[in-house]
Amino acid sequence: MAPVTELTVGQVAARSGVAVSALHFYEARGLIRSHRTSGNQRRYGRDVLRRVAIIKVAQEVGISLAEIGSALESLPEGRTPTRDDWNLLSTAWRDGLDQKIAQLKKLRDGLTDCIGCGCMSIDKCPLRNRGDRLAREGTGARRLLVES
């Protein structure tokens, strides 16, 4: 018996642990590709399993689908991504993840009763923005932002 080279959407869902609707969404966003049979059924190459695994891991660490899509565009179509491919992708994401980690640490360490909004309603807030002087720096919780 010859090995199966193409998978149905149900097989990909079962093997990857991703819902069929998510696979359709990934395909609509250009993250994965299929072709249609003469009966108009989707068929995926086996490489899609590794691509879906990369998408899942990247999403779990906070990489946006736009960033994931951009990264996956750099991979050759129709070939299972390799360890070297993953190394290139993860290295490219590392700086952004380090920035997010620094931001989260600053939020964790500086946030108690306030969301850093500058509401000035809490006299003891270390994030208080007396006279709204931080408005010149831009919108949002300026003291909670980690500078890039």
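Student: Which residues of the largest nonpolar core touch the most other members?

Tutor: In this predicted model, the largest nonpolar core has 24 residues, and those that touch the most other members are Leu-23, Tyr-26, Ile-32, Ile-55, Ile-68, Leu-72 and Trp-93.

Student: And which helix gives the most to this core?

Tutor: That is H3, which gives six residues, although H1, H2, H3, helix H4 (65–73) and helix H5 (83–110) each supply at least two.

Student: OK, what does Leu-23 touch?

Tutor: Leaving out residues up to four places away in sequence, Leu-23 touches Val-9, Val-12, Ala-13, Val-18, Ile-32, Tyr-44 and Val-52.

Student: Now helix H1, which of its residues are buried?

Tutor: In H1, which covers residues 9–16, the buried ones are Val-9, Val-12, Ala-13 and Ser-16. Seen down the helix axis they fall within an arc of 100°, so they line one face of H1, while Ala-14 and Arg-15 are exposed on the other side.

Student: Why do residues three or four places apart point the same way?

Tutor: Because an α-helix has 3.6 residues a turn.

Student: So what do the buried residues of H1 pack against?

Tutor: They pack against strand E1 (6–7), helix H2 (20–28), strand E3 (42–45) and helix H3 (47–60).

Student: Switching to aromatics, how many aromatic pairs are there?

Tutor: The count comes to one, and this pair is formed by Trp-86 and Trp-93, which sit edge-to-face at 6.0 Å centre to centre with 70° between the planes.

Student: Is Trp-93 buried or exposed?

Tutor: Trp-93 counts as buried because its relative accessibility is 9%, below the 20% cut-off, whereas Trp-86, at 30%, counts as partly exposed.

Technical notes:
Residues are numbered from 1 along each chain as its sequence is written. This is a predicted model: local features need pLDDT of at least 70, side-chain atom pairs count only at pLDDT 80 or more; totals for chains, interfaces and linings use all residues. Side-chain values use heavy atoms; hydrogens and water are left out. Rings of Phe, Tyr and Trp (its six-membered ring) pair if their centres lie within 6.5 Å; planes under 30 degrees apart count as stacked, over 60 as edge-to-face and the rest as tilted. Buried means under 20% relative accessible area, exposed over 50%, partly exposed in between (1.4 Å probe, protein chains only). Helices (H or I, at least four residues) and strands (E, at least two) are DSSP runs, numbered from the N terminus. The arc is that of the directions from the helix axis to the C-beta atoms. Contact means heavy atoms within 4.5 Å. A nonpolar core is a set of buried Ala, Val, Leu, Ile, Met, Phe, Trp, Tyr and Cys residues joined through side-chain atoms within 4.5 Å.
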